[in-house]
Amino acid sequence: MTAEAEVLNELRRLRARLPQLTGALAASIDGMVLARDAVDAEAESVAALTAAALGVGQRLADTTGQGGFKELLVRGENGYVATYAAGGSAVLTLLAEPRINVGRLHLEARRSSARIAELVDGALERRDLN
């Protein structure tokens with residue numbers, strides 16, 4: 001199974017654990033879609049915006065002395081957009097209904113982002129060895 005398929009499977013498992021998710025997207029830190037599960041908005045646009053938000057989040061965390069970027073949560077009138085670092089090469093972005101339990105969202109997303117980091121970083125290491 002390819003890393004892309006494994007990342008997609010992780011997104012699907014995450015959505016099964018959190019039924020209030022309306023979409024899940026894994027992207028590279030430069031805004032390229034790695035895998036997506038039911039992101040109604042244009043996935044490429046969401047990935048690009050995620051990369052831009054990641055840059056701002058990284059700079060804000062660094063400037064304020066908070067350390068490396070871990071996550072970003074945006075609450076809108078119609079729900080949440082949450083972005084989590086997934087290793088040094090990828091990010092996980094989730095779209096959620098307003099009724100989601102935010103604590104559970106963080107718990108499950110942190111686990112999934114760690115798994116995605118393993119998959120993506122492992123695939124990059126294998127590619128570099130070849």
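This is a predicted model: local features need pLDDT of at least 70, side-chain atom pairs count only at pLDDT 80 or more; totals for chains, interfaces and linings use all residues.
## Reading a strand and its surroundings

Trainee: Thanks! Which strand does E5 run antiparallel to, and how many bridges join them?

Mentor: E1 and E5 run antiparallel and are joined by seven bridges. E5 also pairs with E4, again in the antiparallel sense and over seven bridges. In that pairing, Ala82 is the residue opposite Leu94 of E5.

Trainee: What lies between the strands in the hairpin of E4 and E5?

Mentor: Three residues separate the two strands there, and Gly87 has a positive phi near 75° in this hairpin.

Trainee: How should I read the side chains of a strand, and which way do those of E5 point?

Mentor: The general idea is that side chains in a regular strand alternate between the two faces of the sheet. Here, Ala90, Leu92, Leu94 and Ala96 point one way from E5, while Val91, Thr93 and Leu95 point the other way.

Trainee: Are the residues of E5 buried or exposed?

Mentor: A residue is called buried when its relative accessible area is under 20%. In E5, seven of the seven residues are buried, so the strand is largely enclosed by the rest of the structure. Across the protein, buried residues account for 41% of the 130 residues.

Trainee: What should I look for in a nonpolar core, and how many residues has the largest one?

Mentor: In soluble globular proteins, nonpolar side chains tend to be buried together. The largest core in this model has 24 residues, and those with the most contacts inside it include Tyr84, Leu92 and Ile116. Helix H1 (3-17), strands E1 (21-28), E4 (79-86) and E5 (90-96), and helix H3 each give two or more residues to this core. H3 gives the most, with six residues. A second core, separate and made of eight residues, includes Leu25, Ala27, Ala47 and Val91.

Trainee: Which residues does Leu92 touch?

Mentor: Leaving out residues up to four places away in sequence, Leu92 touches, among others, Leu11, Leu14, Leu25, Ala109, Ser113 and Ile116.

Trainee: Ser113 has a polar side chain. Where does Ser113 lie, and is Ser113 buried or exposed?

Mentor: Ser113 lies in helix H3, which covers residues 102-129. With a relative accessibility of 6%, Ser113 counts as buried because the cut-off is under 20%. The side chain of Ser113 reaches the backbone oxygen of Arg110 at 3.0 Å. A polar atom of the Ser113 side chain also lies 3.5 Å from the backbone oxygen of Ala85. Not counting residues up to four places away in sequence, Ser113 touches Tyr84, Ala85, Ala86 and Leu92.

Trainee: Now let's step back. How many helices and strands are there, and in what order do the elements run?

Mentor: The protein has three helices and five strands. Their order from the N terminus is α-β-β-α-β-β-β-α. The radius of gyration is 14 Å, close to the 14 Å that the globule rule gives for 130 residues, so the protein is as compact as a globular protein of that length. The C-alpha trace spans about 45 × 35 × 25 Å along its principal axes.

Trainee: What share of the accessible surface belongs to carbon and sulfur atoms?

Mentor: Carbon and sulfur atoms hold 51% of an accessible surface of about 7500 Å². As for contacts between residues at least 6 apart in sequence, 48% join residues at least 24 apart.

Note on methods: Residues are numbered from 1 along each chain as its sequence is written. Side-chain values use heavy atoms; hydrogens and water are left out. Helices (H or I, at least four residues) and strands (E, at least two) are DSSP runs, numbered from the N terminus. Buried means under 20% relative accessible area, exposed over 50%, partly exposed in between (1.4 Å probe, protein chains only). A polar contact is a pair of N or O atoms within 3.5 Å; within protein, one must be able to donate a hydrogen and the other to accept it, and residues adjacent in sequence count only if both atoms are side-chain atoms. Contact means heavy atoms within 4.5 Å. A nonpolar core is a set of buried Ala, Val, Leu, Ile, Met, Phe, Trp, Tyr and Cys residues joined through side-chain atoms within 4.5 Å. The radius of gyration is taken over C-alpha atoms; the globule rule is 2.2 Å times the number of residues to the power 0.38. Accessible areas come from the Shrake-Rupley method with a 1.4 Å probe; for residues, only the protein chains shown count as cover. Two strands pair if DSSP finds at least two bridges between them.
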